[in-house]
Amino acid sequence: MECSVKEARDENGQRMMMTHLAMGTVMTHQAFGSRAEESLMAVRGEIARLEGLFSMFIFESDISRINRSAGKKSEKISPETCTVLEEAVRFSRRFPGYFDVTLGPLVDLWRRAGESFIPPAEENIRKTIPLVNYRDIILNIREKTAALRQVGQAIDLGGVGKGFAGDSLRRLLQNFDVTSAYSNLGGHVVTLGTKPDGSPWRVGIQHPRYTGRLIGSVSVENKAVVTSGDYRRFTADAQGKRYHHILNPATGYPSESGLISVSVVSEQSLQADLLSTLLFVAGLKKGCNLLRRLPEMEAVFVDSEMNVFITPGLQGRFRGDKNIQIHLLHERKERRT
Ligand code: AMP
Ligand code: MG
């Protein structure tokens, strides 16, 4: 796709919009300020740079090099890759069983199966599961090197890369004196400040079953709103069973936690991205327990019956579609571990 840059003025200054393809999705940005155009050019460049570090499909990326050297040697990596891996391992350690960036071999198995619409053989899944283990990442933060212990292991940053990009672009926009911006990185929204008129941004949350419809919207300032859903990338077999792209690392199969969509609202885009994938696999009950330890994070859960659950901090901020039943989750104790 051609990158298109549109310019439009509003009464508060200059508003710039940009749409481009990156990280396998369409991204749209709008920024306000006298240096908005420059800022969005820089944003597009930065996202392309990060894709060049994180993508498994770019031969010389940090991740491709680590994966090719699995079981053999360590690779020099960028500070950005180091941060993402560090954070991913930290979350996996803190909330074990749901999120694992070494899911690469399983993702690959399912990706190949998806093309032919035939799920992988159970035996292949069983053989692949032992390769998925974040504890096998050998990360040297001081030297900025990373390695995987076993041959055949592979890192996949599909569940976190855009999250990191979101935090970076927010910092970048601020360097260009932009104080108001809205970026949609393909179902992953990052906002800076408020709208130029001082009102909060309203971020729509996609209906998991009807394309083009929303279940509601959440009003936010300076926050990321990140959604993981079973509708983003999926195929169905002859019986109509849905196979989606979020896998349970323990079973090797697409997660069947009863949730079909989870949105996380947080100031930290990387953490919101990690957590949306993690909560999707954890399910509603375990997910709620786990959120008690993350008081700065809010979430919207949608189960397979289309019930919508919101954390208390979103009360008054989440406006749901009138046809949708909204349940308020219990008050959370503010407790850090
Ligand atoms: P997201 O859409 O952010 O939830 O991320 C989904 C992507 O993350 C998938 O396409 C996979 O590349 C990867 N992924 C899927 N399941 C997991 C998991 N349980 N832990 C870590 N990464 C995952
Ligand atoms: Mg994610």
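In this predicted model, strand 5 and strand 6 are joined by four bridges and pair in the antiparallel sense. Across this pairing, N140 has T145 of strand 6 as its bridge partner. The two strands belong to an open sheet of three strands, arranged in the order 4-6-5 with antiparallel pairing.

Within strand 6 lies L148. The residue is buried, at a relative accessible area of 3%. Leaving aside residues up to four places away in sequence, L148 touches I66, N67, A70, G71, T102, D136, I137, Q153, A154 and I155. The C-alpha atom of L148 is separated by 9.5 Å from that of N133, a residue 15 places away along the chain.

The loop between strand 6 (145-148) and helix 6 (161-175) contains G159, one of the residues that donate to the magnesium ion (ligand 2). The protein donors of this ion are G159 (O), D273 (O), D273 (OD) and T277 (OG1), at 2.1 to 2.6 Å from the metal. Along the chain, the donors of the magnesium ion follow the spacing G-x113-D-x3-T. Because D273 is part of helix 7 (residues 269-282) while G159 is in the loop, the pair ties together parts that are 114 residues apart in sequence. Both residues fall under the 20% limit for burial: G159 has a relative accessible area of 18% and is buried, and D273, at 7% relative accessibility, is buried as well.

Helix 7 also packs on helix 8 (residues 284-291), with the axes 6 Å apart and at an angle of about 135 degrees. The two helices are therefore oblique to each other. On the side of helix 7, the contact is made by L275, L278, L279 and A282, and on the side of helix 8 by L284, K286, G287, L290 and L291. By class, this contact of helix 7 with helix 8 comprises seven nonpolar residues, one polar residue and one charged residue.

A further open sheet of three strands has the order 9-10-17, and its pairing is antiparallel. Strand 9 and strand 17 stand at the edges of this sheet, each with a single partner strand, so one side of each lacks a neighbour in the sheet. On average, and with direction ignored, neighbouring strands here are turned by 25 degrees against each other.

Strand 9 (residues 201-206) runs antiparallel to strand 10 and is joined to it by six bridges. One of the residues involved is R202, whose bridge partner in strand 10 is S219. Strand 10 is joined to strand 17 (residues 318-320) by three bridges, again in an antiparallel arrangement. In this second pairing, V218 stands opposite F318 of strand 17. Of the seven residues of strand 10 (residues 214-220), six are buried, so the strand is largely enclosed by the rest of the structure. In a regular strand, side chains alternate between the two faces of the sheet.

Notes
Residues numbered from 1 in each chain as written. Chains lettered and ligands numbered in written order. Predicted model: local features only at pLDDT ≥ 70, side-chain atom pairs only at ≥ 80, totals over all residues. Heavy atoms only, no water. Donors = N, O, S within 2.8 Å, 3.2 Å for Na, K, Ca; no water. Buried < 20%, exposed > 50% of the residue type's maximum accessible area, 1.4 Å probe, protein only. Pairing = 2+ DSSP bridges. Axes fitted to C-alpha atoms, helices over the stretch in contact; angles between N-to-C directions. Parallel < 35°, antiparallel > 145°, perpendicular 65-115°, else oblique. Contact = heavy atoms within 4.5 Å. Nonpolar A, V, L, I, M, F, W, Y, C, P; charged D, E, K, R; others polar.
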